[in-house]
Amino acid sequence: MQLKEREMALYEHIFLARQDLSQAQVDALAATATEIVEANNGKVTKTETWGLKSLAYKIDRNRKAHFVMLNIDAPGTVVEELERQTRINEDVIRYMTIRVEEHEDGPSVMMRKNERDRKRRSDREDRD
């Protein structure tokens with residue numbers, strides 16, 4: 001059991017920040033999460049900001065939220081500390097950390113979707 005704890009595992013940590021934060025404040029939240037991971041001998045391999053998106057339902061009077069994803073390579077104790085710090089932060093309205101077998105190379109599905117939507121909009125504007 002102790003041997004498994006010391007091994008590095010791969011995680012995806014996604015958090016939703018309040019809609020009234022600026023992009024700079026959201027970037028600061030991501031930087032703080034990165035610092036927490038690196039201070040505990042972990043490593044953040046990728047950070048993606050998915051932008052301000054509408055929520056399916058209101059969360060704490062928020063209809064929208066800033067979405068951020070971190071790919072983390074760290075032992076489980078690091079994730080516990082990250083989640084503890086995230087739980088305390090009032091700017092974060094939801095978070096989720098999942099263990100994955102491997103990290104996705106290149107942009108995530110959400111980033112590819114954003115690029116595809118932008119391309120469709122520009123194609124539509126070209127037709128008009």
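Buried means under 20% relative accessible area, exposed means over 50%, and partly exposed lies in between (1.4 Å probe, protein chains only). This is a predicted model, in which local features need pLDDT of at least 70 and side-chain atom pairs count only at pLDDT 80 or more, while totals for chains, interfaces and linings use all residues. Residues are numbered from 1 along each chain as its sequence is written, and side-chain values use heavy atoms, with hydrogens and water left out.

Start at strand β3 (residues 62–74), where you will find H66; strands are DSSP runs of E with at least two residues, helices are runs of H or I with at least four, and both are numbered from the N terminus. H66 counts as buried because its relative accessibility is 5%. Its side chain reaches the backbone oxygen of L21 at 3.0 Å. L70 also sits in strand β3, and is buried at 0% relative accessibility. From L70 to T45 is 25 residues in sequence and 7.6 Å in space, C-alpha to C-alpha.

Now for the charges. Side chains of opposite charge can pair when their charged atoms come close. The structure has four salt bridges, each a side-chain nitrogen of Lys or Arg within 4 Å of a carboxyl oxygen of Asp or Glu. One of them joins R18 and D20 at 2.9 Å, N to O, and R18, D20 and D91 are linked in a network. R18 is partly exposed at 24%, whereas D20 is exposed at 53%. K46 pairs with E48 at 3.5 Å; K46 is buried at 18%, and E48 is buried at 6%.

Terms used: A polar contact is a pair of N or O atoms within 3.5 Å; within protein, one must be able to donate a hydrogen and the other to accept it, and residues adjacent in sequence count only if both atoms are side-chain atoms.
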